[in-house]
Amino acid sequence: MNYTLPPLGYKYEALEPYIDEHTMFIHHTKHHQSYINNINEAIKDIPQLNKLNIYDLIQSLDEAPSNKKIFIQNNAGGHINHSIFWIGLKKGTLPYGDLKLAIEKEFNSIENFKKIFEMQAMQHFGSGWVWLILKPCGTLSIISTINQDNPLMYKNTHPDIYGYPIIGLDIWEHAYYLKYENRRHEYINAFWSIINWHEANERFIQQI
Ligand code: MN
């Protein structure tokens, strides 16, 4: 399998003023592309890995040769995480449907969900991602992962934060620094205006 850069499905300026055109362009064409180039190169001679779709690949890291495992984990994670991120962004949608009900059940209200998500994003040290995941037991949880780790990688290593990603926020500085500089909280706050709740709800109902 040769992974390719998925199109955004919208213009680079579509998320203005919450995420600026230049950040989106660099993030998509440079950062994401580079994870794809790296993962294609890393697995091209590993037959047990190079025919897998990206979801299966990130759940098969134990099959990677030990000297390449971290590199594959980082770059396969970079590819899947950004693929989830782009499709998860859209202006003008609101929480609805089964996912809204499940969030209200788990976190009492959408407002409280946002508060906990923001806290997780602010407390996460360094680069990483914040996620709303659906755990195998059927409950929603807010977690963060380091580097380019995806919560689906954690079945055996960190079962407490293992689950299917419903919403993901990139909190690497490359995701926001050109516009927000060190003001991570402003970027996190802007995220609430560009979550694609339709995509999030679809991801949720496909798993329940
Ligand atoms: Mn990124």
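Which helices and strand each supply at least two residues of the lining of the largest cavity? In this predicted model, the elements that do so are helix H3 (69-87), strand E3 (164-170) and helix H8 (197-207).

**View 1. The largest cavity and its lining.** The structure holds one cavity of 30 Å³ or more, and the volume of the largest cavity is about 90 Å³. Its lining is made up of 14 residues, and those that lie nearest the centre are Ile-84, Gly-88, Ile-166, Ile-167 and Gly-168. By residue class, the lining of this cavity divides into nine nonpolar, three polar and two charged residues. Rolling a probe the size of a water molecule over the atoms shows where empty space is left.

**View 2. The crossing of helices H4 and H8.** The axis of helix H4 (residues 97-107) and that of H8 come within 7 Å and cross at roughly 80°, which means that H4 is roughly perpendicular to H8. The residues of this contact divide into seven nonpolar, two polar and one charged. On the H4 side the contact is formed by Gly-97, Asp-98, Leu-99, Ala-102 and Ile-103, which meet Trp-197, Ala-200, Asn-201, Phe-204 and Ile-205 in H8.

**View 3. The peptide bond between Glu-16 and Pro-17.** Glu-16 and Pro-17 are joined by a cis peptide bond, for which omega is about 0°.

**View 4. The backbone at Asn-108.** Although Asn-108 is not a glycine, this residue has a positive phi of about 80°. Asn-108 lies in the loop between H4 and helix H5 (110-123). As background to this view and the preceding one, most residues other than glycine have a negative phi, and most peptide bonds are trans.

Key:
Residues are numbered from 1 along each chain as its sequence is written. This is a predicted model: local features need pLDDT of at least 70, side-chain atom pairs count only at pLDDT 80 or more; totals for chains, interfaces and linings use all residues. Side-chain values use heavy atoms; hydrogens and water are left out. On a 1 Å grid over the protein atoms alone, a cavity is a set of points where a 1.4 Å probe fits but cannot get out, and a pocket is an open set with protein on both sides within 12 Å along at least five of seven lines; lining residues have an atom within 4 Å of a point. Grid points are joined across faces, edges and corners, and a volume is the space filled by probe spheres set on the points. Helices (H or I, at least four residues) and strands (E, at least two) are DSSP runs, numbered from the N terminus. Ala, Val, Leu, Ile, Met, Phe, Trp, Tyr, Cys and Pro count as nonpolar, Asp, Glu, Lys and Arg as charged, and the others, Gly among them, as polar. Axes are lines fitted to C-alpha atoms, for helices over the stretch in contact, and angles run from 0 to 180 degrees between N-to-C directions. Angles under 35 degrees count as roughly parallel, over 145 as roughly antiparallel, 65 to 115 as roughly perpendicular and the rest as oblique. Contact means heavy atoms within 4.5 Å.
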